[in-house]
Amino acid sequence: MEKTLIVMAAGMGSRYGGLKQLDIIGPSGETIIDYSVYDAIRAGFTKIIFVLRRDIEEEFRQRVGSRFEDRVKVVYVFQELEDLPGEFSVPEGRTKPWGTGQAMLSAADAVTEPYLIINADDFYGADAFGRAAAYLDGCHPEELEAGLVGFRLKNTLSEHGTVARGVCRADDRGVLLDVEEILEIRRDEEGRYSSANRDGLADDDLVSMNMWLFTPEVMDYARSCFTAFLKEKGSELKSEFYIPLIVNTMIEREGVPVQLLETESRWFGVTYREDKPAVEAELAALIEQGCYPRSLWDSSPHR
């Protein structure tokens with residue numbers, strides 16, 4: 001089945017201190033996005049949609065998109081503050097777009113097949129993309145279906161600060177029941193976890209790293225959710241319309257069974273600039289193990 005990858009690359013990178021989407025972390029000038037696209041292609045994805053800000057388009061095309069535009073279909077779309085349903089307008093004083101839900105909707109006109117949506121600055125790993133592809137291959141594109149790739153908490157931590165994670169709870173069929181946002185998670189040298197709002201966290205707890213899977217029908221549903229969100233919170237200058245809000249509404253109002261997929265992939269992220277050397281070292285180890293070539297685009301990914 002045809003499958004699309006949507007990459008949300010419009011973020012500001014405020015904690016990181018720059019455009020981390022374009023920062024080099026691979027030995028041949030690769031960004032984290034390069035590794036995501038490489039893993040997606042070898043998992044069978046046939047189209048990549050990048051959600052960008054207009055002011056970074058030219059640099060992004062030159063430094064990232066040009067590497068693989070001859071290997072896979074690439075589409076560029078833009079998340080813009082003013083892109084709202086007809087009856088709404090931007091409240092005075094608001095300067096920031098409306099969150100990951102709006103970012104996904106920015107790609108709606110370019111989506112005709114089941115899709116995976118991810119963050120641009122996260123490394124997800126080949127196993128995660130393989131599991132995502134297998135799920136999408138079994139979807140019914142004309143129906144409302146959704147899934148989430150869940151990562152082990154132990155595989156998603158930073159050595160340079162606390163992290164917030166959406167801890168997932170599922171039933172015995174692997175159907176997602178809810179995702180609880182846990183703040184300021186830290187693990188000490190003895191392996192004990194602490195956080196701001198929950199006790200009893202464990203290494204193998206499954207967490208969301210924004211690796212969502214949807215059929216095209218979800219886009220229309222997301223539009224209705226965005227309209228409802230704007231009616232309730234559109235006047236708030238810092239309100240954000242997140243993808244989990246769409247998913248929770250699908251579960252609660254429509255009874256859609258959202259499948260929670262488990263991966264043993266290790267997530268790497270550059271939440272903080274200090275994370276970069278660790279990410280480079282992790283990638284070097286994967287290259288040494290033969291998981292990736294030293295130069296990703298010297299040869300086509302093997303499917």
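A residue is called buried when its relative accessible area is under 20%. By that rule, buried residues make up 55% of the 303 residues in the protein chain. Keep the rule in mind on this tour. The model on your screen is a predicted one.

**Stop 1: the whole chain**

Show the chain as a cartoon. Its secondary structure comes to seven helices and 12 strands. The C-alpha atoms fill a box of roughly 55 × 50 × 40 Å along the principal axes. What radius of gyration would a compact globule with 303 residues have? It would be near 19 Å, and the protein chain has 19 Å, so the two agree. Residues 24 or more positions apart account for 76% of them.

**Stop 2: Ser 36**

Select residues 32–42. This is helix α1, and Ser 36 sits in it. Is Ser 36 buried or exposed? Its relative accessibility is 3%, so Ser 36 counts as buried. Next, show what it touches. Leave out residues up to four places away in sequence, and Ser 36 touches Leu 5, Ile 118, Asp 122, Tyr 124 and Phe 129. Then select Asp 121. Ser 36 and Asp 121 are 85 residues apart along the chain, yet their C-alpha atoms are separated by 9.5 Å.

**Stop 3: Asp 23 and Lys 276**

The structure holds 24 salt bridges. Start with the side chains of Asp 23 and Lys 276, which meet in a salt bridge at 3.2 Å, N to O. This pair links distant parts of the chain, 253 residues apart. Asp 23 is in the loop between β1 (4–8) and α1, while Lys 276 is in helix α7 (residues 276–288). Both Asp 23 and Lys 276 are buried.

**Stop 4: Asp 109 and Arg 223**

Select Asp 109 and Arg 223. They form a salt bridge, with the closest N and O atoms 3.8 Å apart. Where do the two residues lie? Asp 109 is in the loop between α3 (100–106) and β4 (115–119), and Arg 223 is in helix α5 (residues 217–233), so the pair ties together parts 114 residues apart in sequence. Asp 109 has 75% relative accessibility, so it counts as exposed. Arg 223 is partly exposed, with a relative accessible area of 34%. Asp 109, Asp 220 and Arg 223 are linked in a network of salt bridges.

**Stop 5: Glu 264 and Arg 152**

Move on to Glu 264 and Arg 152. Their side chains meet in a salt bridge at 3.1 Å, N to O. Glu 264 lies in the loop between β11 (258–263) and β12 (268–269), and Arg 152 lies in strand β6 (residues 146–152), so this pair ties together parts 112 residues apart in sequence. Check the accessibility of Arg 152. At 13%, Arg 152 counts as buried.

**Stop 6: the second largest pocket**

Select Leu 157, Ser 158, Glu 159, His 160 and Arg 266. Of the 19 residues that line the second largest pocket, these are the closest to its centre. How much space lies in this second largest pocket? About 370 Å³. Now colour β8 (176–187), β12 and α7. Each supplies at least two residues of the lining. Last, colour the lining by residue type. It divides into six nonpolar, five polar and eight charged residues.

Key
Residues are numbered from 1 along each chain as its sequence is written. This is a predicted model: local features need pLDDT of at least 70, side-chain atom pairs count only at pLDDT 80 or more; totals for chains, interfaces and linings use all residues. Side-chain values use heavy atoms; hydrogens and water are left out. Helices (H or I, at least four residues) and strands (E, at least two) are DSSP runs, numbered from the N terminus. Buried means under 20% relative accessible area, exposed over 50%, partly exposed in between (1.4 Å probe, protein chains only). Contact means heavy atoms within 4.5 Å. A salt bridge is a side-chain nitrogen of Lys or Arg within 4 Å of a carboxyl oxygen of Asp or Glu. On a 1 Å grid over the protein atoms alone, a cavity is a set of points where a 1.4 Å probe fits but cannot get out, and a pocket is an open set with protein on both sides within 12 Å along at least five of seven lines; lining residues have an atom within 4 Å of a point. Grid points are joined across faces, edges and corners, and a volume is the space filled by probe spheres set on the points. Ala, Val, Leu, Ile, Met, Phe, Trp, Tyr, Cys and Pro count as nonpolar, Asp, Glu, Lys and Arg as charged, and the others, Gly among them, as polar. The radius of gyration is taken over C-alpha atoms; the globule rule is 2.2 Å times the number of residues to the power 0.38.
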